[in-house]
Amino acid sequence: MLSGLSGLVSWHPWVYPALAVLHLIGLGALFGGLLLLDLRMLGRAAVLDPSALARLAVPAALAGFTLCLLTGVLMFAAHADEVWASWAFRVKLGLIVLAGLNALWFHRRGALRRQDGLAGWQSVFSLMLWIAVIACGRWIGVA
């Protein structure tokens, strides 16, 4: 299957750069939505209702994640052997899993309603994880 995707990505010299641009747009939507919600959970802009903000930020973040996932799979397929050899790629995948588990726990325990100390720590952890994911993503090409 990867060889078929690799052929799709390499059929024109602009496909891979276009995928990289779309990946960055997805990252902007993902991190931007999470950043706003996490900052709100840390007490910034306390006048904003966290549930209302989440109704805007979470779908944007999920759409961004979906775009990153789709474009990431295609870009991986184009250079699977090289990318998999990079420690940064494998760390990035692990961090994404941790970030997903943190988000699942955050929402399952009703942290938006609680706005407790644990929600604040989960928000800090979320931001740290996603910054590390971004750093690992940039490191893949040089590691």
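This report describes the aromatic ring pairs in a predicted model.

The structure contains three aromatic pairs. A pair of aromatic rings is described by the distance of the centres and the angle of the planes. In one of the pairs, Trp84 and Phe89 have ring centres 5.9 Å apart, and their planes meet at 70°, so this pair is edge-to-face. The cut-off for that class is an angle over 60 degrees. Phe89 is buried, its relative accessible area being 13%, whereas Trp84 is partly exposed at 44%.

Trp84 and Phe89 also belong to a cluster, in which ring pairs link them with Phe76. Trp84 has a further contact: the charged end of Arg90 sits over its ring, 5.9 Å from the ring centre.

Another pair is formed by Trp87 and Trp139. Their ring centres lie 6.4 Å apart with the planes at 50°, so the pair counts as tilted. Trp87 lies in helix 5, which covers residues 87-108, and Trp139 lies in helix 7, which covers residues 117-139; the pair therefore ties together parts that are 52 residues apart in sequence. Trp87 is partly exposed, and Trp139 is partly exposed as well.

| Residue | Relative accessible area | Class |
|---|---|---|
| Trp84 | 44% | partly exposed |
| Trp87 | 44% | partly exposed |
| Phe89 | 13% | buried |
| Trp139 | 45% | partly exposed |

Phe89 is classed as buried because its relative accessible area of 13% is under 20%.

Terms used. Residues are numbered from 1 along each chain as its sequence is written. This is a predicted model: local features need pLDDT of at least 70, side-chain atom pairs count only at pLDDT 80 or more; totals for chains, interfaces and linings use all residues. Side-chain values use heavy atoms; hydrogens and water are left out. Rings of Phe, Tyr and Trp (its six-membered ring) pair if their centres lie within 6.5 Å; planes under 30 degrees apart count as stacked, over 60 as edge-to-face and the rest as tilted. Buried means under 20% relative accessible area, exposed over 50%, partly exposed in between (1.4 Å probe, protein chains only). Helices (H or I, at least four residues) and strands (E, at least two) are DSSP runs, numbered from the N terminus. A charge sits over a ring if NZ of Lys or CZ of Arg is within 6 Å of the ring centre and within 35 degrees of the ring normal.
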